[in-house]
2 protein chains.
Amino acid sequence: MAAGVSAAGSAAFAANPATPVQTPGAGAKPLPTAVQWKDASSLIVHSSTTVELKRGSFGSSGITPTDRLYLRNNLPTPDASIMAEPEAWEVSVEGVRKPRTLDVRTLRTLGVETVAMVMQCSGNGRAFFPSKPSGTPWQVGAAGCVLWSGVPVRAVVEALGGLADGVIFMTGTGGEKLPEGLDPKSIVVERSVPIAAMGDALLAWELNGSPIPLAHGGPLRLIVPGYTGVNSIKYIRRLAFSTRESDAHIMSHGYRISPPGAKGDPTQPSVQEMSVKSWITSPGADAGQVRSGRTQIQGVAFGGLHAVSKVEVSTDGGENWQVARLVGPDLGKYAWRQFALSANLPTGTHTLVCRATDQAGNVQPRERMENAGGYNNNSWADHGLKVVIA
Amino acid sequence: MAAGVSAAGSAAFAANPATPVQTPGAGAKPLPTAVQWKDASSLIVHSSTTVELKRGSFGSSGITPTDRLYLRNNLPTPDASIMAEPEAWEVSVEGVRKPRTLDVRTLRTLGVETVAMVMQCSGNGRAFFPSKPSGTPWQVGAAGCVLWSGVPVRAVVEALGGLADGVIFMTGTGGEKLPEGLDPKSIVVERSVPIAAMGDALLAWELNGSPIPLAHGGPLRLIVPGYTGVNSIKYIRRLAFSTRESDAHIMSHGYRISPPGAKGDPTQPSVQEMSVKSWITSPGADAGQVRSGRTQIQGVAFGGLHAVSKVEVSTDGGENWQVARLVGPDLGKYAWRQFALSANLPTGTHTLVCRATDQAGNVQPRERMENAGGYNNNSWADHGLKVVIA
């Protein structure tokens with residue numbers, strides 16, 4: 001007979017080995033005003049600017065619906081009035097031979113491209129650091145794989161005569177209104193990435209087939225595939241090619257890989273490119289009943305700058321591994337792949353873990369890299385899921 | 001200087017050579033109750049069961065957001081109560097060695113796959129038939145490219161011991177509640193496709209990363225990639241492998257390619273596989289101002305059972321053609337490709353047309369195939385777009 005219908009188990013629960021799964025219900029915070037349109041039942045609200053997707057709500061489609069995409073804004077969401085005339089939004093382009101301010105209407109004439117990419121907060125997985133770093137305790141849900149459409153930055157640079165001599169950084173500056181009385185450099189969202197990142201970068205006006213919502217950076221967002229979310233500047237007002245990295249605080253001292261206990265400073269590595277990573281999303285992640293017998297162990301895997309080549313799954317905490325199959329269309333190297341392994345889980349306790357390898361040969365490590373900010377956690381052990389089938 | 005910013009034109013309008021673009025505003029019908037959550041501003045409401053996407057609202061992302069996906073239901077949408085326990089929804093599988101009724105919870109254990117595919121109503125493009133066939137006068141918007149996730153029908157058949165001997169059709173029966181007092185065969189939504197279509201078919205519970213909404217066939221829908229929408233049975237209650245085609249009226253007399261003036265009958269070809277097709281979506285489709293100068297002519301192209309290999313664009317109604325570039329990730333052979341051609345349009349009148357070729361060598365024809373029902377219109381001439389730049 002069909003497997004999976006033979007010996008149904010009874011109640012079960014699921015928990016990450018390190019951190020209990022946060023369940024909805026009493027005490028759940030309401031959705032922030034700017035994202036009232038999101039699917040509350042699939043999200044965990046941390047604060048008015050931080051919302052993550054529940055581990056059991058990733059689905060199997062490969063693309064994260066916009067109403068399930070995590071939210072993490074460094075500054076309060078701008079006033080909705082900036083969306084009144086999206087075609088008139090302007091970005092100043094500097095560090096090219098013919099610097100110029102261009103509106104969205106004009107950008108649309110210069111080219112169009114679409115990229116599927118993982119957008120992930122630098123601190124995704126922070127909740128699994130036993131040191132409890134300050135910052136949002138993201139579990140797995142500060143990440144999504146989405147489609148961005150806009151004009152390639154390359155096409156804009158070409159239309160403006162090419163890059164100025166000697167530039168080695170691409171710097172984006174956000175258009176958020178800054179509080180008065182503070183040094184703008186201490187608060188502005190401004191990030192620099194190596195000029196090589198320009199290759200696949202977009203100035204985007206569309207997210208998953210619709211205009212980018214305000215909370216996600218509309219009318220215009222700089223998209224830097226393969227880099228952590230903070231590098232994809234929302235409400236972009238200035239795109240500068242430069243010989244120096246930005247001296248804004250968020251660049252010089254924020255998002256640095258600092259030794260445990262230390263503060264960020266410019267001598268430390270910056271959080272930029274993402275690393276190979278995967279996690280299991282089913283079964284057991286949604287705190288629902290898991291039955292014994294046949295199941296499809298599912299999850300997502302990505303490689304940052306390189307496509308995923310392999311995902312291995314273990315049901316015994318990493319003692320024995322099996323290669324999972326990749327599910328659905330390949331959306332390109334910056335996207336994640338859904339994976340699935342058909343398995344038979346008897347009654348008892350199972351620790352499900354997964355481990356991704358990318359096409360450059362990087363293998364997801366067992367251990368996290370300790371750092372003060374709780375960044376870049378791609379430990380496969382930390383991302384395990386304990387499933388008890390009674 | 002950057003092209004496209006030099007000589008801005010003034011007002012412009014856009015119209016299909018055959019049929020004026022329907023504009024929103026006064027007289028627009030409200031969204032049907034079952035799809036109140038859709039994006040009204042991007043849709044044209046024909047009736048309580050027929051809604052299409054505006055030509056200017058396809059975006060560039062390759063995937064159609066669920067809130068922009070067309071709606072076409074042959075029967076009234078079932079009561080929302082069928083969504084109360086989606087995991088308990090049952091489908092009876094017949095024509096296998098071990099026939100059995102399976103619930104969604106069990107289907108999930110048997111396998112999982114995701115397919116990106118064009119879902120298109122058989123009558124999309126009917127508005128361009130000068131004969132004005134009865135039926136919804138769809139322009140281009142009774143189509144979308146979406147992601148479906150579920151269990152491969154193959155895996156279900158395998159779990160049930162394989163196909164019974166001699167079966168050559170796969171027949172799906174919808175679970176809509178039928179009006180009393182009528183012969184069920186005269187009204188039930190039941191369609192047969194050749195058994196070969198089983199190869200990539202799914203029993204799906206997820207659309208674009210979320211549970212399938214009621215209006216689109218949730219909790220469970222049969223998905224038959226490459227076939228027109230009517231063959232992907234909503235609320236599927238019965239999946240039968242059989243030696244004969246269904247004798248339901250919608251199969252025997254509906255959706256037939258009948259000579260102009262004739263009625264459908266079983267001797268005529270059935271509307272099943274889709275044909276190679278494309279249309280332009282920008283500029284000019286949204287009735288907004290089109291400026292002279294550089295522009296990106298964009299659209300979508302698909303091949304039904306075969307991937308698109310080439311799209312050509314003409315700005316003079318088909319006198320001269322240029323090959324467009326394909327935009328965004330390749331989502332597989334059942335998906336459509338976005339395409340774009342960088343062009344310079346001076347003031348004046350331009351008739352934009354496009355023509356797709358699939359990997360089997362099929363070329364989108366100039367002329368529609370006349371038929372009584374107004375089905376399968378893939379004429380490139382009919383789908384042209386006249387743009388006047390003043």
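Me: With which side chain does the side chain of A:Glu370 make a polar contact?

Reply: This is a predicted model, in which local features need pLDDT of at least 70 and side-chain atom pairs count only at pLDDT 80 or more, while totals for chains, interfaces and linings use all residues. Residues are numbered from 1 along each chain as its sequence is written, chains are lettered from A and ligands numbered from 1 in the order in which they are written, and side-chain values use heavy atoms, with hydrogens and water left out. A polar contact is a pair of N or O atoms within 3.5 Å, where within protein one must be able to donate a hydrogen and the other to accept it, and residues adjacent in sequence count only if both atoms are side-chain atoms. Here the partner is the side chain of A:Arg368, at 2.5 Å.

Me: Where is A:Glu370 found, and which residues does A:Glu370 touch beyond those up to four places away in sequence?

Reply: Strands (E, at least two residues) are DSSP runs numbered from the N terminus, as are helices (H or I, at least four). A:Glu370 sits in the loop between strand 21 (348-358) and strand 22 (385-389) of chain A. Taking contact as heavy atoms within 4.5 Å, A:Glu370 touches A:Phe129, A:Ser131 and A:Pro260 once residues up to four places away are set aside. A:Ser131 is 239 residues from A:Glu370 in sequence, yet their C-alpha atoms are 8.8 Å apart in space.

Me: Is B:Ser57 buried or exposed?

Reply: Buried means under 20% relative accessible area, exposed means over 50%, and partly exposed is in between, using a 1.4 Å probe and protein chains only. B:Ser57 has a relative accessible area of 12% and is therefore buried, whereas A:Glu370, at 39%, is partly exposed. B:Ser57 lies in the loop between strand 3 (50-53) and strand 4 (71-72) of chain B, and its contacts, leaving aside neighbours within four places in sequence, are B:Ser42 and B:Arg68.

Me: How many salt bridges and how many polar contacts are counted between chain B and chain A?

Reply: A salt bridge is a side-chain nitrogen of Lys or Arg within 4 Å of a carboxyl oxygen of Asp or Glu. Between chain B and chain A the count is zero salt bridges, but 26 residue pairs are in polar contact, both residues being at pLDDT 80 or more. Helix 1 (104-110) of chain B gives the most to the side of chain B that touches chain A, with five residues. In total, 44 residues of chain B are in contact with 45 residues of chain A, and the buried area is about 3,700 Å².

Technical notes: Buried area = accessible area lost by both parts, 1.4 Å probe.
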